[in-house]
Amino acid sequence: MKTIVHTTQAVYRQLVNAASRPGHIELITEEVKNYSDFSDAALLISMTLFDNEVSFFSRDKTMRKELKVLTGGIPNKDYTTADFIVSKEADLEREYFTEVMHGILISPEKSATLIIEANSIGEGNEYRLSGPGIKNTTDVKLSLDSRWIELRNDICKEYPLGIDLILTDKNNNVVMIPRTSKVEVL
């Protein structure tokens, strides 16, 4: 019998693999009862990373309720102080990049992670990633508009400060772009 613990352990392993190899596409094959219109990947990643000490922001009312019930996470009405922001690509706001927590030098871990459900991973604009976990460079295609990547790049200029991105799509693909990665718009 496979429990939610087994499921989130499998997803965690895939997240570690995606984080250690930025730009690498992981396919989450685990399934979950999902009442939101987000992908299973977005919900499972949130279920894996959230607990009762984590605050999150989502404009999507159904996703907010589901995450609160499934994870015990704290829904935050103020995205500027949330640990995580869960959003669809179409609902992204400039402020989700510029006004969220970016950490401080003595405590860089106090920064936000954006979980963004893109329209597509593997199609769209091409980006070249370099940095830790990447031998030379790696290219990835994302539907994500280049203005979001340019905002992210601005925020991540002063490493170790910045934000981390976890991107999913409806096909349950996952790509991570940590703050340590340099991203070039091709």
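**Exercise 1. Find the volume of the largest cavity, and list what lines it.**

Step 1: The largest cavity has a volume of about 40 Å³. A cavity here is a set of points, on a 1 Å grid over the protein atoms alone, where a 1.4 Å probe fits but cannot get out, and lining residues have an atom within 4 Å of a point. Grid points are joined across faces, edges and corners, and the volume is the space filled by probe spheres set on the points.

Step 2: Its lining consists of F38, F57, S58, R59, D60, V86, S87, K88, D91 and Y96.

Step 3: Sort these by class: 4 are nonpolar, 2 polar and 4 charged. Ala, Val, Leu, Ile, Met, Phe, Trp, Tyr, Cys and Pro count as nonpolar, Asp, Glu, Lys and Arg as charged, and the others, Gly among them, as polar.

Step 4: Strand β4 gives the most to this lining, with 3 residues. Strands (E, at least two residues) and helices (H or I, at least four) are DSSP runs, numbered from the N terminus.

A word on the model: it is predicted, so local features need pLDDT of at least 70 and side-chain atom pairs count only at pLDDT 80 or more, while totals for chains, interfaces and linings use all residues. Residues are numbered from 1 along each chain as its sequence is written, and side-chain values use heavy atoms, with hydrogens and water left out.

**Exercise 2. Is S87 buried or exposed, and which residues does S87 touch?**

Step 1: Look in strand β4, residues 84-88, which holds S87.

Step 2: S87 counts as buried because its relative accessibility is 4%. Buried means under 20% relative accessible area, exposed over 50%, and partly exposed in between (1.4 Å probe, protein chains only).

Step 3: Leaving aside residues up to four places away in sequence, S87 touches F38, L92, Y96, I115, I116 and E117. Such a contact means heavy atoms within 4.5 Å.

Step 4: Now turn to K88, whose charged end sits over the ring of F38, 4.6 Å from the ring centre. For this, NZ of Lys or CZ of Arg must be within 6 Å of the ring centre and within 35 degrees of the ring normal.

**Exercise 3. How many aromatic pairs does the whole structure have, and why is F50 with F56 called stacked?**

Step 1: The search finds 6 aromatic pairs. Rings of Phe, Tyr and Trp (its six-membered ring) pair if their centres lie within 6.5 Å; planes under 30 degrees apart count as stacked, over 60 as edge-to-face and the rest as tilted.

Step 2: The centres of F50 and F56 are 5.4 Å apart and their planes meet at 20°, so this pair is stacked. Both residues are buried.

Step 3: Compare F57 and Y79, an edge-to-face pair with 5.6 Å centre to centre and 65° between the planes. F57 is in strand β2 (residues 55-57) and Y79 in the loop between β3 (74-75) and β4, 22 residues apart.

**Exercise 4. Which backbone features mark P160 and N172?**

Step 1: A cis peptide bond, with omega about 15°, joins Y159 and P160. P160 belongs to the loop between α5 and β10.

Step 2: N172 has a positive phi, near 70°, and is found in the loop between β10 and β11.

Step 3: Most residues other than glycine have a negative phi, and most peptide bonds are trans.

Definitions and conventions
On a 1 Å grid over the protein atoms alone, a cavity is a set of points where a 1.4 Å probe fits but cannot get out, and a pocket is an open set with protein on both sides within 12 Å along at least five of seven lines; lining residues have an atom within 4 Å of a point.
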